[in-house]
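Please look over the sequence and the model before reading on.

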Amino acid sequence: MTLSVAELQSRSIEIFRELVDTYVETGEPVGSRTLSQRLGSSLSPATIRNIMVSLEDAGLLYSPHTSAGRLPTEAGMRYFVHGLLEIGEIDESDRQILESRCTAVGRDFESLFSEATLALAGLSDCASLILAPKTEAPLRQIEFLHLGTSDGRARALVVLINEDGVVENRIIEIPEDISPSILSEATRFLQSRMIGRTLADAKNVIGEELSRDRASLDTLTTKVIEAGIAVWAGGEEAKTGSLILRGQSHLLQNVTGLENLDKIRELFTVLEGKEAVCKLIDASIQAQGVQIFIGADNRLFDLAGCSLVVASCKGSRQQILGAIGVIGPTRMNYSRIIPMVDYTAKIIGRLLS
């Protein structure tokens, strides 16, 4: 029986889709006999083998060994994800877990981001990351709360809320003889100068005032103010935003051979440095919907044969609050992970709004 061009294309797509689904499940090369059994059709292994050769000629499949089955190439995975993948709603059990774990920590900025990445890494069996952008919204409230002394060190909690309603907490070390009245004085000083300004603007204004009027302030109060400003407006996070990574060990689960292990180690080095990852996510953070980078789509993940699925977190006024994503093998279960990442981003946007 001679197949028409339309039938051949239809059957090629069916076989390619089944091959990718099988590869995602097993991680192993897929042979024509396996596909014939899974499809349950009248197509013989020989017919499937011929179609697989055509798909290989098209650059969608390759054979790792002469006698082995086929695997999808990175181009094949991109074609599958962007052209053939059917994405539905998030799985109900995944939704319930993400909702319960994220809502349990409330609207605290750091706790929410940390819990979201832990939950996403656990559910996806991949590494998870979240980028909190530079804090650029004007401030609405700042307060110091004494946490007491332990290990010979006194600490205070700094609570800051911006006009987008984002709550951030930091713990700072303070002199042991700080009293609640001194913390109150520091709070009043900062409230009068920071409210309505961004952190960058407030840092400049307060820095100038401390240099000029240091003598009029209590020495301990000055130390508290300087410690608080250093925590909020200093360091690399003020320039690039803060990056949280969780579940990197999941990337080792799919490693086979020393060569792949070396690639994963290179990726770990890049992730530890954070700067390149921040730039990548920052560049895609304004995009609509979920962004997918497969292998050579980006140099960072081409090193280890990994993919990144990332979505921006937006507030009620569509302002960018951050971005959350998953890094995993190119054979990750995209149909499950894409809606999972999208839903987690929406939870964060809703809670922080």
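Contact here means heavy atoms within 4.5 Å of each other. Helices (H or I, at least four residues) and strands (E, at least two) are DSSP runs, numbered from the N terminus. The model is predicted, so local features need pLDDT of at least 70 and side-chain atom pairs count only at pLDDT 80 or more, while totals for chains, interfaces and linings use all residues. Residues are numbered from 1 along each chain as its sequence is written, and side-chain values use heavy atoms, with hydrogens and water left out.

Axes are lines fitted to C-alpha atoms, for helices over the stretch in contact, and angles run from 0 to 180 degrees between N-to-C directions.

| Pair | Axis distance | Angle |
|---|---|---|
| α5 (residues 92–104) and α14 | 10 Å apart | about 30° |
| α6 (residues 109–124) and α14 (residues 334–352) | within 11 Å | roughly 165° |

α5 and α14 are therefore roughly parallel, a term for angles under 35 degrees. α6 is roughly antiparallel to α14, a term for angles over 145 degrees. The crossing of α5 and α14 is right-handed, and α6 also passes α14 in a right-handed crossing; right-handed means that the near helix is turned clockwise from the far one by less than a right angle.

Ala, Val, Leu, Ile, Met, Phe, Trp, Tyr, Cys and Pro count as nonpolar, Asp, Glu, Lys and Arg as charged, and the others, Gly among them, as polar.

In the second pair, Phe 109, Leu 112 and Phe 113 are among the α6 residues that meet α14, where the partners include Ile 337, Val 341 and Ile 348. The contact of α6 with α14 holds twelve nonpolar residues, two polar and one charged.

**The nonpolar core**

A nonpolar core is a set of buried Ala, Val, Leu, Ile, Met, Phe, Trp, Tyr and Cys residues joined through side-chain atoms within 4.5 Å, where buried means under 20% relative accessible area (1.4 Å probe, protein chains only). The largest such core has 56 residues, and those touching the most other members include Leu 98, Phe 113 and Ile 348. α14 gives the most to this core, with eleven residues. Leaving aside neighbours within four places in sequence, Leu 98 is in contact with residues including Ala 119, Leu 120, Met 340 and Ile 347.

Note on methods. Angles under 35 degrees count as roughly parallel, over 145 as roughly antiparallel, 65 to 115 as roughly perpendicular and the rest as oblique. Buried means under 20% relative accessible area, exposed over 50%, partly exposed in between (1.4 Å probe, protein chains only).
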